[in-house]
Every structure is written in structure tokens, then in C-alpha cells.
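Hi there,

Here is the structure I promised to pass on to you. Have a look at it first, and then read my notes below.

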Amino acid sequence: MTSPVTRLIRRLEKSSTLDAQAQRVAPVFDVLVANSRIDRTLRGAALGHALHPILVTLPTGTWFSAVVLDLTAGESGRDASDRLIGLSALSAIPAFLTGAAEWRHADAGSQRIGVLHAATNDIATALVAASWWARRSNKRALGVGLSLVAGGLWGIGGTLGGHISLARKFASHDSETPTTGADLGTFGS
């Protein structure tokens, strides 16, 4: 039995309504892949597989660590939590760049979901940055609240990203690596 979330995502990946959003961001992302060396680097050619899934662990991991400190360490964990929130916002930049490079090589269905994945994660990242600013402005409760909302959005964005890589089986890989996925983008030889 297919879950309601999976059914919704499957409908979204077939929705031509999202094509307009994809067409709007494509020229921006084209800049990233215009230089083949930069494109290959951002897509993880040196590793033999996509770099994006590795890099997304930095913003989410530092965010999660900050939330644990916020909820358990009290006053003694504030400085560390604030630094982790700042690092979370900054580390989202390379995660975004690698995801954008991957997105340009994806099929239409993956690009549709990718637009939603990126938008959700970008809003979450903006909330994390706002959380950092609120904390620096002595509005701690607001900062913690913003980071919790951001985490919920990152959960949604992560679900969409997971769908692209696991259900749609899209990710860059070395052409020498055997795969069972149908929509994999290779680096070529």
C-alpha cells in the first residue's frame, strides 16, 4: 500500500505546473555547469558519486546539534549552540551549490521535485540564518523557535531529496560503477 506522502510526491513529479518554476531557476543554475570542470567538481566526479548527499549532512547535523544544546544544556550551552546555528547557515551554501549542479542533469520529474526540495530547504536555511541573527540580538526564544521551524522544513525538504535519490534513483555516479537505477547521470569518461 502506497503512503499518502508518496502519492502526493508522485503527483508532484508529474505536475507540469512546476515546469515554470524549473525554467525560472535553470538559467541561474546553468552558470554553475557552464564550466565542465566546475560542474564535475560540484557533482563529485573525484569521489565517483554525487557530493550533494554528503554535504547536506553539515547544515542538518550542526542544526540538530544546536537544537539538542538548546533543549538540554541550558545557559551553559548557549554559546556553542549559537556557533552551531551560524555554521549550519554557512554550510548550507556548498550543499545548495552541489544540489544545483546535480539538478541541471536530472530528468524532468526529478527537476520538478528538486525545485520543491530546493525551495523548502532555502526557506529553512533563511530561518536558520534568522535564528542566528535573533540569538545575536538577544531574542533567544525567537531564535530557538525559528530554528525548530527550520528543522521541520528541512525534514520536508529531506523527504523530497530522498525521493529523488531513492525512489527516482537519480544521482551522479562514475560511469564505471554498476548501477540498477534508471535515471542516473554519469560523469562520463
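In which kind of crossing does H7 pass H8, left-handed or right-handed? H7 passes H8 in a left-handed crossing, where left-handed means that the near helix is turned anticlockwise from the far one by less than a right angle, and right-handed that it is turned clockwise.

Before going on, please note that this is a predicted model, in which local features need pLDDT of at least 70 and side-chain atom pairs count only at pLDDT 80 or more, while totals for chains, interfaces and linings use all residues. Residues are numbered from 1 along each chain as its sequence is written, and side-chain values use heavy atoms, with hydrogens and water left out. The helices are DSSP runs (H or I, at least four residues), numbered from the N terminus.

**How the helices pack**

Two packed helices are described by the angle between their axes and the distance between the axes. The axes are lines fitted to C-alpha atoms over the stretch in contact, and angles run from 0 to 180 degrees between N-to-C directions.

The axes of H7 and H8 come within 8 Å and cross at roughly 165°. These two helices are therefore roughly antiparallel (an angle over 145 degrees).

Helix H6 (residues 78-103) packs against helix H7 (residues 108-136) at an angle of about 160°, with the axes 9 Å apart. H6 and H7 are therefore roughly antiparallel too, and their crossing is left-handed. In contact (heavy atoms within 4.5 Å), the residues from H6 include Ser81, Phe96 and Trp103, and those from H7 include Gly114, Asp122 and Arg135. By class, this contact has nine nonpolar, eight polar and three charged residues. Here Ala, Val, Leu, Ile, Met, Phe, Trp, Tyr, Cys and Pro count as nonpolar, Asp, Glu, Lys and Arg as charged, and the others, Gly among them, as polar.

Helix H3 (residues 36-43) is another partner of H6: their axes come within 8 Å and cross at roughly 110°. That makes H3 roughly perpendicular to H6 (65 to 115 degrees). Asp39, Leu42 and Arg43 in H3 meet Leu97, Thr98, Ala101 and Glu102 in H6.

**The largest pocket**

A pocket is an open set of points on a 1 Å grid over the protein atoms alone, where a 1.4 Å probe fits, with protein on both sides within 12 Å along at least five of seven lines; lining residues have an atom within 4 Å of a point. The volume is the space filled by probe spheres set on the points, which are joined across faces, edges and corners.

The largest pocket holds about 700 Å³ of space. Of its 32 lining residues, His52, Val56, Gly99, His117 and Asn121 are the closest to the centre. H7 gives the largest share of the lining, eight residues.

Enjoy exploring!

Key: Angles under 35 degrees count as roughly parallel, over 145 as roughly antiparallel, 65 to 115 as roughly perpendicular and the rest as oblique.
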